[in-house]
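Have the coordinates open as you read.

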Amino acid sequence: MTKVVSRPSLSHRVNFWVRDHLIVFYGIAALIYLFAPIVVVAIFSFNKPEGRSNSSWNYFSLDAWTNICRDQNICASLQTSLQIGLGSTILATILGTLISFALVRHRFHGRSTTNLLIFLPMATPEVVLGASLLALFLSIGLPLGPITIFIAHTMFCISFVVVTVKARLQGMDPRLEEAAQDLYADEKATFRYVTLPLVAPGIAAAALLSFSLSFDDYIITSFNSGTTVTFPMYVWGAAQRGIPAQVNVIGTIMFVGSLAMVLVAQAVGRARHKR
Amino acid sequence: MVAILSKKPGEISTAPKARGRKITPYILLFPGMAWLTVFFIVPLFSLVSTSLMQRVGIDEFSPALQIANYTDAITTYSDKYLLSFKYAGIATVLALAIAYPLAYFIAFKSGKWKNFLLVLVVAPFFASFLIRTYAWQTILTDDGVINQFVAGLGILPENRLLATPIAVVAGLTYNFLPFMTLPLYSSLDRIDPRLIEAANDLYAKPFAGFRKVTVPLSMPGVVAGTLLTFIPAAGDYINAVLLGGPNDKMIGYTIQARFVQMRDYPTAAALSFILLAMILILVMSYVRKAGTEELL
């Protein structure tokens, strides 16, 4: 007898190795796929395009980076988008957070109707949201402009705020608040020193999500903007005649900025957790 | 997106606040619900009433009951609807095929890199939708590396990628991928690994364990992910305009052009209402078939 110990057969082990590592290779391939357009955007932000169209490489230049506002329309549209984004984020975050508290912390009649009304805007295609709002604005005679964009953005952001904050509230351990009350904290103090700090990350995430949804929206805005030009509207208009490299610069900054923000937030969260 | 799934049905918190004050929840709900009612529900009614209007002048319409707007819209544009649903359907299936292994990888194989990988998966979508799609235009362009390679294989009907349905579907698949990946991840991540171990202990081959344990438990994620991908993809027109040819325009484009450029409000309103109705019917029958009604 030479071999008693029964080891898994070679083919079995190869099988296992492939199965275990295939998924890793797959993950890497998927990440390359996800990042390909971002890399292209970043590379072409350093391009000096030959004509108007920035889609074939000419030569390296920092022009676009040092002179973002050369076409003043870019920066004007950015400013418009920032203002509308901030405004609708603030309002949607407040309205959505209040709804989440009602949904998680209270029993009341009409709960399923509320849930449905939160869910429906997310399940409605953007063209329909945009078209129906335009139908409303036309019939009541409200002139299109920053106000109508603000109304539309706030509307579709509320639902996303509710689902984000609600998840955070539901994930909280109710015993923490009970403990505070056992220690004779009144309702106000419990809310101020226990509930609010615990929900804050959820509210912050919801606000970030709202802002990026609003800042990035093209379809709904295209129905309700009138002559107002937001940043996506500018990009769409420019796409017809060739997008300037400055747009790539802004895309790259948005990407790096939000990635950095999320990673820092995660690191802070982890550090707090360890403490 | 994740949050939709992490909602456990019927969960009511036992938190010790505001018991017995019946009016508090309504005060909290009122401002937000009022906003949604006035700017989401009421507009749907304006949409319906607009869709039934009658043309009385160049840019003038009067309230009427023109059912013909609907029948005209359907007969004229039925092929656009079919095209949109076809592209959105293919993109959804592709997104599922790409996202499932990716979500599986992050949920089960990434160890301490889990959170970092999740951020990486979502990160590309922080760069604007339009800019991303425009980048795909650059990537797939006729003299680009990818197009040269694929066209060299001689399998493409038109010998190019850009301005073909392939590019439109590729763009849709890419742009709505996080809506697929995140729900899948959150349902996979919640699977108790001991259930899979138990399957292995009971001599299930790895694939059998995957098929009989992992897949059924991830179904809520599959349903949510496919819905969250399909619905926006069916109404999208950005990908079709930037990446497709003149015949690939989707119904969203027709609606936008009719409404905003041509000011043919009744037809555009009828078209959008039909789109909404079709999507709702599809979603309802799909959810019923998938047997996860508590998701809604």
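## Domains and ground rules

Chain A is assigned two domains, domain 1 (10-63) and domain 2 (73-243); the bounds come from an automatic or database domain assignment. Taken over C-alpha atoms, the centres of domain 1 and domain 2 of chain A are 33 Å apart.

Keep in mind that this is a predicted model, where local features need pLDDT of at least 70 and side-chain atom pairs count only at pLDDT 80 or more, while totals for chains, interfaces and linings use all residues. Residues are numbered from 1 along each chain as its sequence is written, chains are lettered from A and ligands numbered from 1 in the order in which they are written, and side-chain values use heavy atoms, with hydrogens and water left out.

## Chain B at a glance

Chain B has 14 helices and two strands. Helices here are DSSP runs of H or I with at least four residues, strands are runs of E with at least two, and both are numbered from the N terminus. Along the principal axes, the C-alpha atoms of chain B fill a box of roughly 75 × 70 × 35 Å.

Of its 296 residues, 52% count as buried; that means under 20% relative accessible area, with exposed being over 50% and partly exposed in between (1.4 Å probe, protein chains only). Chain B shows about 13800 Å² of accessible surface, and 66% of that belongs to carbon and sulfur atoms (Shrake-Rupley method with a 1.4 Å probe; for residues, only the protein chains shown count as cover). Look at contacts in chain B between residues at least 6 apart in sequence, and 72% of them join residues at least 24 apart; a contact means heavy atoms within 4.5 Å.

## Where the chains meet

The size of an interface is often given as the accessible area lost when the parts come together. For chain A and chain B the buried area is about 8200 Å², with carbon and sulfur atoms giving 78%; the figure is the accessible area (1.4 Å probe) that two parts lose on being put together, summed over both. A:Tyr33, A:Leu34 and A:Trp236 supply 8% of what chain A buries against chain B, more than any other three residues. Counting residues instead, 91 of chain A are in contact with 85 of chain B.

A:Leu34 is worth a click. Leaving aside neighbours within four places in sequence, A:Leu34 is in contact with B:Leu102, B:Val121, B:Pro124, B:Phe125, B:Tyr174 and B:Leu177.

## Helix H13 of chain B

B:Phe259 belongs to the buried residues of H13(B), along with B:Ile251, B:Gly252, B:Thr254, B:Ile255, B:Gln256, B:Ala257 and B:Arg258. The helix (residues 251-261) is mostly covered, with eight of its 11 residues buried.

A:Cys69 is partly exposed at 41% relative accessible area, whereas A:Cys157 is buried at 0%.

B:Ser218, in the loop between helix H10 (206-217) and helix H11 (219-235), is buried at 0%. Beyond neighbours within four places in sequence, B:Ser218 is in contact with B:Tyr100, B:Ser187, B:Leu188 and B:Ile191. B:Lys22, in the loop between helix H1 (2-6) and helix H2 (24-51), counts as exposed at 65% relative accessibility.
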